[in-house]
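Here's a quick briefing to read alongside the model. Have the sequence and the 3D view open as you go.

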Amino acid sequence: MATFRFMIFPFCFLLTLLFTSAPSAVETVTITALRSDFRACRDTAGNVRIIIRQYRNNDVPFLLLVDPVTLESSTVRAADIDLTGNISIETVRNTPFIKALDRYTAPPYKLQNHGAVHAGHPVDGIFLTVDMCPSRRPFEKGFFTAVADLSRQSGRGAPVAIAITGNWLENHRDDLGWIVQQIKKGKLAVTWVNHSSTHPYVAGAPLERNFLLSPGIDFEREVLTTERLLLEKGLLPSPFFRFPGLVADEKLIRSLRELALIPIGSDAWLAKGETPRRGSFILVHGNGNEPLGIRKALQFLQKPGGVNLLPLNAAFSHQP
């Protein structure tokens, strides 16, 4: 018996050594050479898609695609797409994605809240959008938990559009990890809306020289940096963008159109006393900076009869 114990000990020790010294199963993703593109193609199943970005994932060429009918994003290895027989972009001119892109980046240009603020067709529900601007405060975990709990009633992940900044992504990794866990558990269905990288803001500065209109801002870099960070974390950037402060001018809107992104505003910013109705884009801040908006959102979500949350892409496409 003593001999048996002697033999089993080094064997168990060896197993422990092997498992503790093994490399992590989580692959490190490095995204480089991310740049804008705008071409129609067919994916591996033969479906028409629109390429909006090309990039390298651990030095392997990849593409970021948008379904022109549902406005859903996907990624694919560039080698898996036949780009030799390009489809003319004119063949998708009348699809929901292109029509929304054209409609919501067209004049007249408003300094604040330009773009889509409400569903483009009748819908039976509302769209919850949550801004995650740079913040030192803990995120609104209780609010996100309440949204996730709605999945018990519907049997599916509760739809929410999170307008996220690169700064928040980098400085709230544990909070982001919690949100991702709710997605994996099927409690949240998140549309990741780009909200810029740094979200510049100067208290007291006029809107014309504030937010992304501040002097010296590289707008394309603000957009692509956040997309890169999302991709590195295995999250899909959507074809939507929310301007910080909802502030933009004609130049920024035109630049956004060149990046193939749809500007998202709001007609129901709860902290400002705006009342949601069917098809509304509700706006609250989930970064700890707007407790009044969160209180009102919780009251709205818990009202008798419940509330029907819809995925953001359904505001532009009749697809469920």
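Predicted model: local features only at pLDDT ≥ 70, side-chain atom pairs only at ≥ 80, totals over all residues.

Residues are numbered from 1 along each chain as its sequence is written, and side-chain values use heavy atoms, with hydrogens and water left out.

**Confidence**
- The protein averages a pLDDT of 91 (the predictor's confidence in each residue, from 0 to 100), and 91% of the residues score at least 70.

- Seven strands make an open, parallel sheet in the order 9-8-7-6-5-11-10; helices (H or I, at least four residues) and strands (E, at least two) are DSSP runs numbered from the N terminus, and two strands pair if DSSP finds at least two bridges between them.
- Strand 9 (262-263) and strand 10 (268-269) sit at the edges with a single partner strand each, so one side of each has no neighbour in the sheet.
- Helix 6 (173-184) packs on this sheet, touching strand 6 (158-164) and strand 7 (188-194), and its direction makes about 130° with that of strand 7 (axes are lines fitted to C-alpha atoms, for helices over the stretch in contact, and angles run from 0 to 180 degrees between N-to-C directions).
- Strand 10 pairs with strand 11 (residues 281-285) in the parallel sense over two bridges, with Trp-269 partnered by Leu-283.
- Strand 7 is largely enclosed by the rest of the structure, because six of its seven residues are buried (under 20% relative accessible area, with exposed over 50% and partly exposed in between, using a 1.4 Å probe and protein chains only).
- Seven bridges tie strand 7 to strand 6, and Ala-161 has Thr-191 as its bridge partner in strand 7.
- Two bridges join strand 7 to strand 8 (residues 237-241), where Asn-194 stands opposite Phe-241.
- From strand 7 the chain goes through helix 7 (residues 219-232) to strand 8 in a right-handed β-α-β crossover (with the strands pointing away from the viewer, the path from the first strand over the helix to the second runs clockwise).

- Strand 3 (residues 60-66) and strand 4 (residues 73-77) share five bridges; in their hairpin, with six residues between the strands, Leu-71 takes a positive phi near 65°.

**Cores**
- The largest nonpolar core has 36 residues, of which Phe-143 and Ile-179 touch the most other members (a core is a set of buried Ala, Val, Leu, Ile, Met, Phe, Trp, Tyr and Cys residues joined through side-chain atoms within 4.5 Å).
- A second, separate core has 34 residues, including Ile-98, Leu-101, Leu-231 and Phe-240.

- His-172 lies in the loop between helix 5 (166-171) and helix 6, and counts as buried because its relative accessibility is 8%.
- Beyond its neighbours within four places in sequence, His-172 is in contact with Ser-135 and Arg-137.

Note on methods
Contact = heavy atoms within 4.5 Å.
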